[in-house]
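Dear colleague,

I am passing on the structure below, together with some notes on its charged side chains. Please read the notes with the coordinates open.

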Amino acid sequence: MNGTKMKKIFYSILSVLFSLQLLFILLISSFEAVCYWMPGYYEQEFRKYQVAEEMAAWTGEKISYESLDEVIRQTMRYLRGERENLIVPVEINGREQEFYNENEKGHMADVRLLFLRSITLRALACLNCLAILAFLIILEHHRALTILGGGFLRTGAVLLLLALLLGAATANDFTRYFTIFHEILFRQGNWLFDPRQSRMINMLPEGFFSDTALRILLVFLASTALFGFVGFIASRRK
């Protein structure tokens, strides 16, 4: 195998590694965009699924939508590491109480760990992408973008097809894949809650998760398509 062919293979491997990490960055950023950057999203979902009314029906507890909005706002801060605990007192049945019980706090601690690990991995992926880009610029100058653009198109096309297939399967039977997802990530089994006893499960019904997953998928596909267009332009450069 001559040097030119080996170099081409080496560059192909680098472009695939770059693309996979860039797609991971886009996925985590899409999640962040939906869960943190869309004002009024949670209140809209709570009212859509009549969360306050459902909670009253299941547990006999009355809580305002303003209080629910405060709970989810503090919860999302906790998941990003911006507060140390989930002690969130709100007015329930006319008196101030902690919203979460100990079992719910334990589950959310596991979710927080996933959040923080994902954010850390995204930061490392950003550094790796910059390193690969700098390395190729040093070796190939302006051809670096052409190499990476072509690699992103090929890798992105494969993963985009997989994402669409997974999205279609999930949309067809969200409950099944939602269960599988939790069984894989939370093997200790602390993710099952009785709606007669859990405020959290009433605040976050399955429909909320399916809506959120769909939004994340759409944002991810849109951002991938945008980078794919840039990659196409770059790959056509001489």
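Is arginine 77 buried, partly exposed or exposed? Arginine 77 counts as partly exposed because its relative accessible area is 30%, where buried means under 20% relative accessible area, exposed over 50%, and partly exposed in between, computed with a 1.4 Å probe on protein chains only.

Before the rest, the conventions: this is a predicted model, in which local features need pLDDT of at least 70 and side-chain atom pairs count only at pLDDT 80 or more, while totals for chains, interfaces and linings use all residues. Residues are numbered from 1 along each chain as its sequence is written, and side-chain values use heavy atoms, with hydrogens and water left out.

Arginine 77 forms a salt bridge (a side-chain nitrogen of Lys or Arg within 4 Å of a carboxyl oxygen of Asp or Glu) with glutamate 82, the closest N and O atoms being 3.8 Å apart. Glutamate 82 is likewise partly exposed, because its relative accessible area is 43%. Both residues belong to a network of salt bridges that links Glu32, Arg77, Arg80, Glu82 and Arg122.

Over the whole structure, the search finds 13 salt bridges. One of them joins glutamate 61 to arginine 199, with 2.7 Å between the closest N and O atoms. This pair links distant parts of the chain, 138 residues apart: glutamate 61 lies in the loop between helix 3 (51-59) and helix 4, and arginine 199 in helix 8 (residues 199-203), helices being DSSP runs of H or I with at least four residues and strands runs of E with at least two, numbered from the N terminus. Both partners, glutamate 61 and arginine 199, are buried.

Arginine 83, in the loop between helix 4 (65-79) and strand 1 (89-92), is buried yet has no salt bridge, and the nearest side chain of opposite charge (Lys and Arg count as positive, Asp and Glu as negative, with His and the chain ends not counted) is glutamate 70, 6.1 Å away. The side chain of arginine 83 does reach the backbone oxygen of isoleucine 87, at 2.9 Å.

How values were computed:
Polar contact = N/O pair within 3.5 Å; in protein donor to acceptor, adjacent residues only side chain to side chain.
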